[in-house]
Amino acid sequence: MRIVHLGLGAFARSHTAWYTAHATDAADWGIAAYAGRTRTLADALTAQDGLYTLVLRGPQDDSTETITSLVRAHAAADVRQLLNDLAAASTAVVTLTITEAGYKLSAGGTLDLADPGVLADLHLLRTIGADRIDADVASPVTVLGRLVLGLELRRRAGNGPVTLLSCDNLPDNGGVLLSAVAALAAVVPGLADWIRESVGFASSSVDRITPRLSGADAAALEAALDDRSPVVAEPFGDWVISGDFLAGRPAWDTAGARFVDDLEPWEARKLWMLNGAHTLLACLGALRGHSTVAEAIADPVCRDAVERLWDEAAGNLPPGLELADYRDALLERFGNSRISHALTQIAADTVTKLRLRIAPVVVAELASGRVPLGGATAVAAWIAAGRAGLLPDPSTTRAESIRDSIEQVHPRLAADSAFVALVEQVLAQLPSAQTAPPERG
């Protein structure tokens with residue numbers, strides 16, 4: 001085992017584990033992975049020696065393969081084992097897919113020091129001092145708190161450098177991770193200096209649509225494959241990585257990953273175009289009675305809104321990113337009706353996603369003197385869907401005004417009267433929530 005993965009779920013198994021399994025030196029790079037709150041997934045994978053089936057579902061047919069890169073699976077509650085793995089001399093890379101919410105960010109993009117979990121972890125980290133750390137007692141609340149405590153144990157053991165690689169949908173995700181880790185580590189004497197010398201922070205842009213299976217679909221697939229933990233994903237996959245790996249890394253490039261000096265343009269392309277369109281469709285599609293991405297993108301109203309959003313994103317991206325081909329590929333991928341990508345899955349934590357995927361394009365459009373109709377439509381659809389009770393995040397229903405709702409996304413946009421008026425104008429034209437998809441002629 002040389003990789004520790006935090007945030008084991010369907011995406012990590014369809015993407016990060018797939019690339020590791022397909023690297024030419026895969027035999028040298030096993031993954032010990034830690035899942036979410038329950039033990040169900042970890043127990044199922046443990047019963048299968050970490051093996052599981054990946055189903056790549058194209059528009060016409062499926063292909064299947066057994067993924068072998070996972071050597072151990074644990075529940076998040078196995079804190080002692082996690083700390084031991086993070087501190088182990090054999091661990092060279094720690095990868096993360098903990099979602100945007102796992103970074104505990106404030107609206108300004110820094111660690112939220114008012115978050116109860118962050119506060120509890122800061123208190124715990126302050127109290128350890130130079131004392132012996134008892135892993136049975138020292139149990140941080142947040143993923144980042146556990147990561148920092150594991151790094152402290154590594155430092156004390158003298159076990160050398162390690163690189164942390166974020167695989168979450170955040171701009172400059174490695175930099176965000178560094179900032180959050182540094183804020184927590186600052187309260188442990190000597191740890192921040194050691195991290196600066198011995199811990200690398202790499203960034204990446206990840207791309208493979210991996211829907212959450214319904215209970216019935218999962219049960220049918222498990223029975224057909226004799227597998228308690230299969231994963232379904234689209235055939236397309238992309239991974240762009242930037243950063244130094246201080247203790248080595250798998251030959252992910254032999255599996256198709258790209259290593260670049262400047263990740264930002266590729267990261268922005270994916271966040272603004274794929275993820276931004278997903279967020280728009282999750283809100284507008286739900287308002288128009290759709291339940292999946294494929295249904296929503298087939299609706300001309302939704303598709304036109306997505307095209308406007310893409311026009312705005314493309315206008316703020318540099319040349320050399322193959323944007324026309326990427327847009328064509330996205331339409332084909334979104335239209336794959338055999339991938340049942342539920343809008344409710346995408347709609348989780350929408351306000352954070354708007355901050356990261358929509359707001360940067362809107363700010364850039366306004367700075368250029370253009371009217372960001374696509375971005376305004378995404379914000380208006382979020383407000384309307386929230387008011388209609390179609391989103392899992394109830395934050396919009398608590399806002400007293402349109403401006404207050406926009407304030408949750410980006411204070412500068414809320415202070416722009418013209419943008420607020422544009423959102424109000426679009427909102428007035430949006431349909432009220434429908435219970436069935438609109439008829440198509």
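Analyst: What follows takes several labels in turn and sets each value against its definition.

Analyst: This is a predicted model, in which local features need pLDDT of at least 70 and side-chain atom pairs count only at pLDDT 80 or more, while totals for chains, interfaces and linings use all residues. Residues are numbered from 1 along each chain as its sequence is written, and side-chain values use heavy atoms, with hydrogens and water left out.

User: How many aromatic pairs are there, and what makes the pair of phenylalanine 245 and tryptophan 252 edge-to-face?

Analyst: The structure holds six aromatic pairs. In the pair of phenylalanine 245 and tryptophan 252, the ring centres are 6.1 Å apart and the planes stand at 75 degrees. Rings of Phe, Tyr and Trp (its six-membered ring) pair if their centres lie within 6.5 Å, and planes under 30 degrees apart count as stacked, over 60 as edge-to-face and the rest as tilted; the pair of phenylalanine 245 and tryptophan 252 is therefore edge-to-face. Both residues, phenylalanine 245 and tryptophan 252, are buried, and both belong to one aromatic cluster, formed by Trp18, Tyr19, Trp239, Phe245, Trp252 and Phe259.

User: How do you know that arginine 258 lies over the face of tryptophan 266?

Analyst: A charge sits over a ring if NZ of Lys or CZ of Arg is within 6 Å of the ring centre and within 35 degrees of the ring normal. Arginine 258 is placed over the face of tryptophan 266, at 4.4 Å from the ring centre. Arginine 269 likewise lies over a face, that of tyrosine 326, at 3.7 Å from the ring centre.

User: Why is alanine 73 called buried, and what does it touch?

Analyst: Buried means under 20% relative accessible area, exposed over 50%, and partly exposed in between (1.4 Å probe, protein chains only). The relative accessibility of alanine 73 is 11%, and so this residue counts as buried. Alanine 73 is found in strand β5 (residues 70-74), where strands (E, at least two residues) and helices (H or I, at least four) are DSSP runs, numbered from the N terminus. Not counting residues up to four places away in sequence, alanine 73 touches Leu8, Ala33, Ala42, Leu45 and Thr46, contact meaning heavy atoms within 4.5 Å. Alanine 73 and leucine 8 are 65 residues apart along the chain, and their C-alpha atoms are separated by 8.2 Å.

User: Is histidine 278 buried or exposed, and how do you know?

Analyst: Histidine 278 has 4% relative accessibility, and therefore counts as buried. Its place is in helix α10 (residues 264-287), and, leaving aside neighbours within four places in sequence, histidine 278 is in contact with Ile209, Val293, Phe334, His341 and Ile346.

User: What makes arginine 308 partly exposed?

Analyst: The value for arginine 308 is 31% relative accessibility, so the residue counts as partly exposed. Arginine 308 lies in helix α12 (residues 300-314) and touches Leu373, Gly374 and Thr377, again not counting residues up to four places away in sequence.

User: Why is aspartate 49 called exposed, and where is it found?

Analyst: At 63% relative accessibility, aspartate 49 counts as exposed; this residue is found in the loop between α3 (40-47) and β3 (52-57). Its phi is near 55 degrees, a positive value in a residue other than glycine. Aspartate 226 also has a positive phi, of about 55 degrees, although it is not a glycine. Aspartate 226 is found in the loop between α9 (215-225) and β9 (231-233), and its 73% relative accessibility is why it counts as exposed.

User: How many residues of each class are in the lining of the largest cavity, and which residues are they?

Analyst: On a 1 Å grid over the protein atoms alone, a cavity is a set of points where a 1.4 Å probe fits but cannot get out, and lining residues have an atom within 4 Å of a point. The largest cavity is lined by His5, Leu8, Ala12, Arg13, Thr16, Ala17, Ile31, Ala33 and Leu70. Ala, Val, Leu, Ile, Met, Phe, Trp, Tyr, Cys and Pro count as nonpolar, Asp, Glu, Lys and Arg as charged, and the others, Gly among them, as polar; by class, this lining has six nonpolar, two polar and one charged residues. At least two residues of the lining come from each of α1 (10-14), α2 (16-22) and β2 (31-34).

Conventions:
1 Å grid on protein atoms, 1.4 Å probe; cavity = no way out; pocket = protein on both sides within 12 Å on 5 of 7 lines; lining within 4 Å.
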